[in-house]
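Q: Please walk me through some of the labels on this model. I would like each one set against its definition.

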Amino acid sequence: MLSRPRAIGMLRATHPLWMCGMRPFFLLAMLSALALIALWSVVLGAGIAPPRVAGGAVVWHVHEMVFGFACAAVAGFALTAVPEFTGSAGVTRAQLRALVLLWVLGRLGFWSSGAIGMAGLWLSAAAHMGLLLGLAALLARPLWGPAGRAHLALWWTLPALAATVAGFHADALRGLPGLRWLHAALGLLMLLIVVAMSRISMRIVNRAIEATTPGAPPYFARPPRRHLAALCIGLYTLAEFMQPGSRLTGWLALAASASMLHLMGDWHVGRALLRRWPLMLYAVYTCMALGYGLLGWFLLGGEPGAGAGRHLLTMGAMSLAVFAVIAIAGRAHCGLPPDTGPWVPLGSALLLAATGLRAGAAWLGGASWLAGAGACWCLAFALLLWRVGPPLMRERPDGRQGC
């Protein structure tokens, strides 16, 4: 635990924490992952009341995993990847501190909404929309410029997520749960993962090919397959929003699953796929394909409930993608070489075990399955925080500034 003087020192603008956009947001994402699931596990296992918020316990859980944990990771990724992709300057320390403050105010507003009512919801809405639209405004110039046009899909997800924030809070202010907007936001995050992975995988997989089979044909993330997957996920998300529980939505979920399996065909490059980083990213797509497949199976009359499919998307695809991005970019943009320690495959295996246990609970039920899932998830992110957290708060060893 940080001493009080060190914690106060981190708030100063000159602290290394504010050197690069990913530093504070990756730290917040890891801390959120640990705290939110530990608290949710206690709620489910011990029957302790969760924070009293508008919409109730399940809405609190989903909202915080999407707009707390995942949005922190998205902000950290976007603020670091866009300058790297486009060769543009990153945000200033003052801008970064303002964005982090909005994230914190979003938590304060939503968490207090059960106690102070509409005032908390208005604060939550303003802070979340300020964060997402602020990100979109700061990244507009590099992404809409000549060097960024190939990455414009990253930009569009930010105002789209802001729209789901607006819709959720409009429902909440009318006393409605707003889960449909949270599910729509999850669909947008799945789209973002497909778009971002196509960029990241080109570098990761080709490095693995060079290391294992020099001279072999390079890997190429083919746009038609990616576009088809994005279209199917987008149509499923729209159908789930407009016609939840319908058979049409079920067939579109199966189409999304099939399109992900089709996309995974690009990754079958031989032994290179079995190296740690390519295999981890491949597992993200596997979880996504299985998740949409189970959602379709459920909607067309199968069992168990949709929770199994939904958690394959969240505990599986989303958490593995966040884990991989922080493990790779968190060290690289602190001036450190890739970590070859066993904690990376161990953390990935723990997340997959958590996903399997949570999905299995839909068939077999029982508090022990849920407790096991929560424990595996927390152990995985504790490992990540242990290995990546300290460099985020220190100067770069190469003496450089920025990302």
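Q: What makes F85, L143 and R199 contacts of H151?
A: Contact means heavy atoms within 4.5 Å. H151 touches F85, L143 and R199, not counting residues up to four places away in sequence. This is a predicted model: local features need pLDDT of at least 70, side-chain atom pairs count only at pLDDT 80 or more, and totals for chains, interfaces and linings use all residues. Residues are numbered from 1 along each chain as its sequence is written, and side-chain values use heavy atoms, with hydrogens and water left out.

Q: Why is H151 called buried?
A: Buried means under 20% relative accessible area, exposed over 50%, partly exposed in between (1.4 Å probe, protein chains only). H151 has 12%, so H151 is buried.

Q: What makes C20 and C403 a disulfide?
A: A disulfide is a pair of cysteine sulfur atoms within 2.5 Å. The S to S distance of C20 and C403 is 1.9 Å, so they are joined. A search of the whole structure finds one disulfide.

Q: Why is the disulfide of C20 and C403 called right-handed?
A: The torsion about its S-S bond is about 100 degrees, so the disulfide is right-handed.
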